[in-house]
Amino acid sequence: LNRVKKLPANFVWGGATAAYQVEGSTQVDGKGKTMWDDYLKAQGRFSPDPASDFYNRYPEDIKLAKQYGLNAIRVSIAWTRIFPKGYGEVNQKGVAFYHRLFKECLDNNVEPYVTLHHFDSPKTLFDDGDWLNRKNIDYFVDYAKFCFKEFPEVNNWFTINELISLATSQYIGGNFPPNHHFDVTSAIQAEHNELLAHARVVNLYREMQLPGRIGLIHVLQPIYPITETPENKHAAALYDAFLNRFLLDGTFLGHYTTETMALINEILEKNNAKLDIQPGDMDILAKAAPQNDYFGLNYYQSQFIQAYEGESTNQFNGTGEKGTSSFKFKGVGEIVKKPGVPQTDWDWNIYPEGLYDVLKRVARVYPNSKTIYITENGLGFKDHYEGPDQIIDDQPRIDYIDQHLEAILKARSEGVNVQGYFVWSLQDQFSWANGYNKRYGLFYVDFDTQKREIKESARWFKELADTK
Ligand code: BG6
């Protein structure tokens, strides 16, 4: 162990997955299509089948998790395995799969933390406008209600994973279907509607008086001005409002503060965009805000921002063994590199201080977040596998996790209530925009044979588990 000496007793120590990124078997046992299937096929760059074949190999992965000291796993339910069209008829084979999966987890004392929606909107609903169509919210509430009744063995729920990534990848960056670029109206509307969906599900969960816990997952990207000029500081405030503050306010305050809305309105005006908040919406958010049991916080990187008033541009190139992107958002800011801050091979900033800062901020400004779990954190890295029984030396991943754990434990020692950590990811899996080169797992997956190999990070993870 480098610097982290000891994990707190009872610390939740898990690995994260998402249905579409691990399960494979996208066309079997009655599963309906997601927004990804035809889209990926048409692109022909990479297939979601068999991914890590978790649909068949989950017993092996859960046993590995247990063997390497994990006491929890994040999985998501594929909405389209339960409701192939997103609503209507139930697919019993899909239901049976999740019962088997949860049983396997519980039999091995690996507690499941279950997300209802992780980027995999049903195709039928996607074609009808996805989260931009308010009917989608009703279907999501129905799906959630079905799951709550059907899976009493699950005690830890998350509604939606990373609302911001979904909205911005669909409508700003354009690397998720429907590939819109800088469609600010759709992005902000999708965020608001997803917040409503989350809030309605939390309110429902409380009405059903279920014994478990529920929350949602935001990825937070702390924003820093590249230099302390008034222009850069204002750009950073705008960027932060767009990426973090609007969603945190909506989730944990139950309203968007005047200061937040002033920043959001400035972005909307500069981009000729608008947000439709309907009567009653804010009551739903207000009711749910104090009812979240916990907060799932994903953290990968922070961003450094410089003021930018030109036209918006986004150049993303992330499909190979390395990736780059450049991002300039009209009237908001430009993402720039900060000298001295190291980056991953996909140009993500490695900045654990950002995690410490954002944990302190959440605890200070949003006490309704209550208990925090780090639900994703990890390093995308091209691991080198030389063959059976050869060491897979992923020291950069160990260093990355170690530094971020340091930040977490420091925040904890100053009173921030972090109760767990899920590394992204348990095993190597399919990466949405990057395919199979960008690996995150503790366990290596040979995508040809589906054989699992142990990385050094898994051994290190086990040593840490033993310090609890
Ligand atoms: C998070 C998502 O945004 O980041 C995961 O919840 C995703 O689904 C992870 O895989 C890493 O992103 P990427 O693009 O490197 O796979």
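## Strand β4 and its partners

Strand β4 and strand β5 (residues 213-219) run parallel and are joined by 4 bridges. Strands here are DSSP runs of E with at least two residues, and helices are runs of H or I with at least four, numbered from the N terminus; two strands pair if DSSP finds at least two bridges between them. Asn161 stands opposite Ile217 in β5.

Strand β3 (residues 111-117) also pairs with β4, in the parallel sense and over 3 bridges. Val114 has Trp157 in β4 as its bridge partner.

## Basis of the model

The model is predicted: local features need pLDDT of at least 70, side-chain atom pairs count only at pLDDT 80 or more, and totals for chains, interfaces and linings use all residues. Residues are numbered from 1 along each chain as its sequence is written, and side-chain values use heavy atoms, leaving out hydrogens and water.

## Around the ligand

An oxygen atom of the ligand is 2.5 Å from an N or O atom in the side chain of Glu162. For His118, the corresponding distance from a side-chain N or O atom to a ligand oxygen atom is 2.8 Å. A polar side-chain atom of Ser431 lies 2.6 Å from an oxygen atom of the ligand. The protein covers 91% of the 380 Å² of accessible area (Shrake-Rupley method, 1.4 Å probe) that the ligand has on its own.

## His404

His404 is found in helix α14 (residues 395-413). His404 counts as buried because its relative accessibility is 0%.

Note on methods:
Buried < 20%, exposed > 50% of the residue type's maximum accessible area, 1.4 Å probe, protein only. Polar contact = N/O pair within 3.5 Å; in protein donor to acceptor, adjacent residues only side chain to side chain.
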